[in-house]
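Here are a few exercises to work through with the model open. Try each task before reading its solution.

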Amino acid sequence: MNERAVPEQRPVSVADLEALLFVVDRPLNRRETAKLLDIDRAQLDGLLTELKKSLAGRGITLITHEDEIQLASGPAQARAVLRSEEHTSELQSHLNLVCRL
């Protein structure tokens with residue numbers, strides 16, 4: 001029998017939020033993020049504050065615009081990202097968004 005083990009229930013962490021935002025290829029609104037993590041809005045706001053602090057000074061930043069949230073490369077890393085071998089229009093769009101903020 002090949003059944004998946006059900007993960008043990010534990011409180012949602014900043015790492016859970018970071019992992020969710022990392023794998024999603026689009027901005028999420030706060031309502032759907034809270035729903036995906038099975039937490040309320042107040043808990044989400046607390047996790048977002050913690051995540052923003054933990055990302056300070058790193059190459060990844062938390063972008064919040066109106067009700068949407070998303071992880072992105074930091075503005076200071078634009079040069080390094082642009083030098084990557086794989087230039088795509090999606091990458092350029094992402095950098096344009098970051099540079100406007």
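**Exercise 1.** Locate T33, decide whether T33 is buried or exposed, and list what T33 touches.

Solution. Start with the helix: T33 sits in α2, residues 30-37 (helices are DSSP runs of H or I, at least four residues, strands runs of E, at least two, numbered from the N terminus). Next, accessibility: T33 counts as buried because its relative accessibility is 0% (buried is under 20% relative accessible area, exposed over 50%, partly exposed in between, with a 1.4 Å probe and protein chains only). Then the contacts (heavy atoms within 4.5 Å): leaving out residues up to four places away in sequence, T33 touches L17, L20, L28, L44 and I69.

A word on the source: this is a predicted model, where local features need pLDDT of at least 70, side-chain atom pairs count only at pLDDT 80 or more, and totals for chains, interfaces and linings use all residues. Residues are numbered from 1 along each chain as its sequence is written, and side-chain values use heavy atoms, leaving out hydrogens and water.

**Exercise 2.** Work out the strand order of the open sheet and which strands stand at the edges.

Solution. The 3 strands run in the order β1-β3-β2, with antiparallel pairing (to pair, two strands need at least two DSSP bridges between them). β1 (28-29) and β2 (60-65) each have a single partner strand, so one side of each lacks a neighbour in the sheet. Now zoom in: β1 is joined to β3 (residues 68-73) by 2 bridges, and L28 has I69 as its bridge partner in β3.
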